[in-house]
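Here is a short report on strands and how they pair. Take a look at the model before reading on.

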Amino acid sequence: MGCLQSVACKPRIKRENIVVYDVSATIDHCPTVIEENSPIVLRYKTPYFMASARILMPPIHRNEAWVVGWIQACTQMEFYNTYGDLGMSSWELPELREGLVKAISDSDGVSYPWYGNTTETVTLSGPTSKPSCFTVSMNDNFYPSVTWAVPVSESNVALLTRIKRDQSFTTWLVALNMATQEKILLQTVKWRMKVDIAVDPSKPLGSRARLTGRVHQDQPKVLTHMESIPPNALGKPNANDAQVLMWRPKRGPPLVVIPSK
């Protein structure tokens with residue numbers, strides 16, 4: 001009989017059999033919002049990056065499972081909070097900073113390698129007799145807190161004078177065979193978020209900070225080619241667990257304020 005009756009000889013899922021359409025990648029056309037509600041910290045909320053795509057998967061003839069969804073990695077990060085002429089605090093990804101890796105996973109810390117496991121992914125289990133059509137989507141933004149006072153000081157005196165952040169990401173749409181770990185890259189998106197806030201700590205709370213530089217973000221780029229996924233983008237640690245808060249004074253050695261997890 002040869003392989004005529006063999007499940008193993010039935011067609012495999014290939015890139016050319018998967019249809020991707022209605023790909024969308026945008027950043028909200030609104031400015032970063034500054035919040036001065038707390039005497040302890042300044043908070044800011046950036047516009048949202050959003051990505052979405054509709055997928056048409058062919059029938060899965062084998063008894064196997066595929067997950068289709070978004071994987072994201074941080075590829076560059078500068079996040080400096082300046083305190084006058086005293087120094088600055090800096091959130092850093094040491095391996096990325098030192099060039100030891102090209103990217104750090106930006107997973108939610110649970111759903112590796114995926115960015116998340118709600119709207120971000122769809123799981124398909126075979127065998128199926130018909131094509132499957134579905135949408136996968138994700139969104140991301142920054143909403144951090146920055147202390148008004150020097151983070152290594154016991155004083156609560158507001159000395160923060162500037163916040164500057166520049167962070168880049170690569171986001172992939174991927175189909176993953178759960179059994180073999182075969183990955184089929186479907187789309188690559190690159191985006192960047194920049195924040196520049198000037199602060200006058202001598203002013204009353206509520207009127208200290210203002211946005212400087214460009215008000216709106218550059219729009220993401222949906223690449224016309226596929227870009228490979230670095231190994232560090234697929235597993236632990238994720239960016240939140242890998243980052244370190246440093247204090248870098250104008251005089252004296254740097255100090256670790258918050259170590260990586």
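## Strand pairing

In strand β16, isoleucine 258 is the bridge partner of leucine 245. This is a predicted model, where local features need pLDDT of at least 70, side-chain atom pairs count only at pLDDT 80 or more, and totals for chains, interfaces and linings use all residues. Residues are numbered from 1 along each chain as its sequence is written, and side-chain values use heavy atoms, with hydrogens and water left out.

Strands (E, at least two residues) are DSSP runs, numbered from the N terminus. Two strands pair if DSSP finds at least two bridges between them.

The pairs are listed here.

| Pair | Sense | Bridges |
|---|---|---|
| β2 and β3 (residues 41-45) | antiparallel | three bridges |
| β6 (residues 87-92) and β15 | antiparallel | six bridges |
| β15 and β16 (residues 255-258) | antiparallel | three bridges |

Start with β15, residues 244-249. The hairpin of β15 and β16 has five residues between the strands. There, glycine 252 takes a positive phi near 105°.

Now the open sheet. Three strands form it, in the order β2-β3-β10, with antiparallel pairing. β2 (33-35) and β10 (145-147) stand at the edges with a single partner strand each, so one side of each has no neighbour in the sheet. From one strand to the next, the twist averages 25° (axes are lines fitted to C-alpha atoms, and angles run from 0 to 180 degrees between N-to-C directions). Isoleucine 34 stands opposite tyrosine 44 in β3.

Terms used: Helix = DSSP H or I, 4+ residues; strand = E, 2+ residues; numbered from the N terminus.
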